[in-house]
Amino acid sequence: MNLNKHIYEGWTVGDFINDLNIIFSYNFNKFKTKQDVINWCKDEQPYYKKNIPEVSNYFIKKAGF
């Protein structure tokens with residue numbers, strides 16, 4: 001995974017992952033499916049509300065799916 005891949009106005013894949021990592025730990029138990037994780041990522045990402053596959057796949061793996 002390229003953490004330096006530019007996504008939106010200076011934000012990279014790594015920036016989005018770093019921003020969501022803390023919030024993820026508080027929401028870990030609420031995910032029942034991969035789609036739940038994808039939707040959560042889109043909702044919680046700052047500025048950019050579209051699915052970023054690298055970001056959602058990172059959190060899908062972290063959630064154990």
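What share of the contacts in the protein chain with a separation of 6 or more comes from residues 24 or more positions apart? Such residues account for 48% of those contacts, a contact meaning heavy atoms within 4.5 Å. The structure is a predicted model, in which local features need pLDDT of at least 70 and side-chain atom pairs count only at pLDDT 80 or more, while totals for chains, interfaces and linings use all residues. Residues are numbered from 1 along each chain as its sequence is written, and side-chain values use heavy atoms, with hydrogens and water left out.

**Confidence and overall form**

- The protein chain has a mean pLDDT of 95, and 100% of its residues reach 70 or more; pLDDT is the predictor's confidence in each residue, from 0 to 100.
- Confidence is lowest in α1, at a mean of 94, and highest in strand β2 (residues 11-12), at 98.
- The protein chain contains three helices and two strands, taken as DSSP runs numbered from the N terminus (helices H or I, at least four residues; strands E, at least two).
- From the N terminus on, the order of elements is β-β-α-α-α.
- The radius of gyration of the protein chain is 11 Å, which agrees with the value near 11 Å for a compact globule of 65 residues; the radius is taken over C-alpha atoms, and the globule rule is 2.2 Å times the number of residues to the power 0.38.
- Along its principal axes, the C-alpha trace spans about 30 × 20 × 20 Å.
- Of the 65 residues in the protein chain, 35% are buried (buried means under 20% relative accessible area, exposed over 50%, partly exposed in between, with a 1.4 Å probe and protein chains only).

**Helix α3**

- The buried residues of α3 are Val55, Ser56, Phe59, Ile60 and Ala63.
- These residues lie on the same side of α3, because they cover an arc of only 130 degrees around the axis; the arc is that of the directions from the helix axis to the C-beta atoms.
- The buried residues of α3 pack against α1 (13-27) and α2 (34-44).
- Within α3, Ser56 has a relative accessibility of 2% and touches Val37, Ile38, Cys41 and Asn51, not counting residues up to four places away in sequence.

**Salt bridge**

- The count is one salt bridge, defined as a side-chain nitrogen of Lys or Arg within 4 Å of a carboxyl oxygen of Asp or Glu.
- Glu54 and Lys5 form a salt bridge through their side chains, at 2.9 Å from N to O.
- Glu54 lies in helix α3 (residues 53-63) and Lys5 in the segment before β1 (6-8), so the pair ties together parts that are 49 residues apart in sequence.
- Both residues are partly exposed, Glu54 with a relative accessible area of 21% and Lys5 with 36%.

**Aromatic pairs**

- There are ten aromatic pairs, that is, rings of Phe, Tyr and Trp (its six-membered ring) with centres within 6.5 Å; planes under 30 degrees apart count as stacked, over 60 as edge-to-face and the rest as tilted.
- Phe16 and Tyr48 form a tilted pair, at 6.4 Å centre to centre and 50 degrees between the planes.
- This pair links Phe16 in helix α1 with Tyr48 in the loop between α2 and α3, 32 residues apart, and Phe16 is buried at 0% relative accessibility.
- Phe24 and Trp40 form an edge-to-face pair, at 5.8 Å centre to centre and 65 degrees between the planes.
- Phe24 in helix α1 and Trp40 in helix α2 are 16 residues apart; Phe24 is buried at 2% relative accessibility, and Trp40 is buried at 4%.
- One aromatic cluster is formed by Tyr8, Trp11, Phe16, Tyr47 and Tyr48.
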